[in-house]
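Please open the structure in your viewer and keep the selection tool at hand. The tour below goes from stop to stop.

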Amino acid sequence: QAMAPLHPVAVQCQEAQMVVTVHRDLFGTGRLVRAVDLSLGSASCLPLSHSPAEDTVTFVVGLHECGSTLQMTPDSLIYKTSLSYKPAPSGNLVIVRTNPVVVPIECHYPRKSNVSSNAVQPTWAPFLSTLSAEERLMFSLRLMNDDWSSERLSNGFQLGESLHLQAEVASEGHVPLRLFVEDCVATLSPDRNSSPRYAFIDRSGCLVDGRADDTTSAFISPRPRQETLQFVVDAFKFAGDDRNLIYITCHLKVSPADQAPNPWNKACSFNKASGLWAPVEGTGDICSCCETGHCPQRG
């Protein structure tokens with residue numbers, strides 16, 4: 001709102017931050033509030049600047065900062081915070097002469113168009129990064145029993161058995177999401193970049209272990225639900241190494257469920273009967289790079 005005595009709080013919703021300007025004549029009575037009694041958000045962030053000449057106080061904070069919350073509707077991202085005025089006793093420590101005030105503040109951003117002159121591809125990328133930054137998506141990767149009914153109590157396997165792995169994301173309260181496994185790497189130490197290493201899912205969702213002649217590794221189709229992806233991998237060990245402990249590190253990601261799978265977001269298995277790669281969902285052409293190895297890289 002425009003800065004005026006009747007509207008003493010002005011908010012600018014910028015691309016990655018909000019600017020909140022507060023007139024110290026907060027109540028329109030001519031009695032100026034103290035800047036030290038003003039704070040923003042549940043984290044009680046302090047003002048960035050104070051202009052005595054204009055009797056204004058300015059807060060500049062990132063959209064995810066100061067304890068702001070995010071609400072999503074089908075069309076908008078809504079960042080919510082609040083301006084707090086908590087008068088502290090001055091002079092006479094027994095009394096105060098003004099009431100505390102909480103002013104709700106919201107910034108609305110469209111989900112289906114860019115919020116700046118800079119191109120955003122794809123249009124849902126800010127939504128994903130927002131959720132990740134807010135830690136609102138809970139990813140999990142679990143070893144399951146052979147019938148997928150519950151988590152496997154033991155993580156021990158014999159060669160010749162199969163690992164039943166279930167990747168999942170908790171997305172309650174959000175728009176529908178579809179989970180993908182970008183890659184999975186097996187190593188002998190927790191460091192996924194250590195050597196030796198074996199990437200059994202690679203190329204943005206290709207279960208390359210299933211391409212070997214002696215394996216039955218594959219994604220399970222259809223999915224039990226959009227936010228869950230199950231896959232079976234034949235047990236293995238590293239050649240020439242007698243250690244029995246293998247670490248598996250997977251990179252999980254999501255896209256909106258209403259977005260068609262593509263070469264970046266896919267779950268592809270090799271069908272030995274047909275000799276072709278097949279996706280859990282989507283058209284077969286999105287798996288073509290699983291064979292060539294030249295999968296496009298998203299920024």
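What follows is a list of selections, with a note on what is found at each. The model is a predicted one.

**Stop 1: an open sheet**

Begin with β1, β2, β5 and β4. These four strands form an open sheet, in the order β1-β2-β5-β4. The pairing is antiparallel. Which strands lie at the edges? Select 9-13 for β1 and 49-51 for β4: these are the edge strands, and each pairs on one side only. Now look at the angle between neighbours. On average, neighbouring strands of this sheet are turned by 15 degrees against each other, direction ignored.

Strands of a sheet pair through backbone hydrogen bonds, either parallel or antiparallel.

Next, select residues 17-23 and residues 56-62. These are strands β2 and β5, and they pair in the antiparallel sense over seven bridges. Pick out Met 18 here. What stands opposite Met 18 in β5? The residue is Val 61.

**Stop 2: the disulfides**

Now show the cysteines. How many disulfides does the structure hold? There are six. Count the bonded cysteines along the chain, and the pattern reads 1-4, 2-3, 5-7, 6-11, 8-9, 10-12. Three of these links are visited here.

**Stop 3: Cys 13 and Cys 107**

Select Cys 13 and Cys 107. A disulfide joins them, with 2.1 Å from S to S. The link connects distant parts of the chain: Cys 13 sits in strand β1 and Cys 107 in strand β8 (residues 101-110), 94 residues apart. The torsion about the S-S bond is about -85 degrees, so this disulfide is left-handed. Cys 13 is partly exposed, at a relative accessible area of 38%. Cys 107 has 0% relative accessibility and counts as buried.

**Stop 4: Cys 206 and Cys 290**

Move on to Cys 206 and Cys 290. Their disulfide has 2.0 Å from S to S. Cys 206 lies in the loop between β12 and β13, and Cys 290 in helix α2 (residues 288-292), so the pair ties together parts that are 84 residues apart in sequence. This link is left-handed, with -75 degrees about the S-S bond. Are its ends buried or exposed? Cys 206 counts as buried at 0% relative accessibility. Cys 290 counts as buried at 1%.

**Stop 5: Cys 268 and Cys 287**

Select Cys 268 and Cys 287. Here too a disulfide joins the pair, with 2.0 Å from S to S. Cys 268 lies in strand β16 (residues 268-271) and Cys 287 in the loop between β17 (276-279) and α2, so parts 19 residues apart in sequence are tied together. The S-S torsion is about -80 degrees, so the disulfide is left-handed. Cys 268 and Cys 287 are both buried.

**Stop 6: Ser 217**

Finish at Ser 217. Where is this residue? Ser 217 is in the loop between β12 (197-201) and β13 (218-219). Its relative accessibility is 2%, so Ser 217 counts as buried.

Show the side chains around Ser 217. The side chains of Ser 217 and Asp 209 are joined by a polar contact of 2.5 Å. The side chain of Ser 217 also reaches the backbone nitrogen of Asp 234, at 3.1 Å. Beyond its neighbours within four places in sequence, Ser 217 is in contact with several residues, including Leu 207, Gly 210, Val 232 and Val 233.

Last, draw a line from Ser 217 to Ala 235. They are 18 residues apart in sequence, and their C-alpha atoms are 9.5 Å apart in space.

Technical notes
Residues are numbered from 1 along each chain as its sequence is written. This is a predicted model: local features need pLDDT of at least 70, side-chain atom pairs count only at pLDDT 80 or more; totals for chains, interfaces and linings use all residues. Side-chain values use heavy atoms; hydrogens and water are left out. Helices (H or I, at least four residues) and strands (E, at least two) are DSSP runs, numbered from the N terminus. Buried means under 20% relative accessible area, exposed over 50%, partly exposed in between (1.4 Å probe, protein chains only). Contact means heavy atoms within 4.5 Å. A polar contact is a pair of N or O atoms within 3.5 Å; within protein, one must be able to donate a hydrogen and the other to accept it, and residues adjacent in sequence count only if both atoms are side-chain atoms. Two strands pair if DSSP finds at least two bridges between them. Axes are lines fitted to C-alpha atoms, for helices over the stretch in contact, and angles run from 0 to 180 degrees between N-to-C directions. A disulfide is a pair of cysteine sulfur atoms within 2.5 Å.
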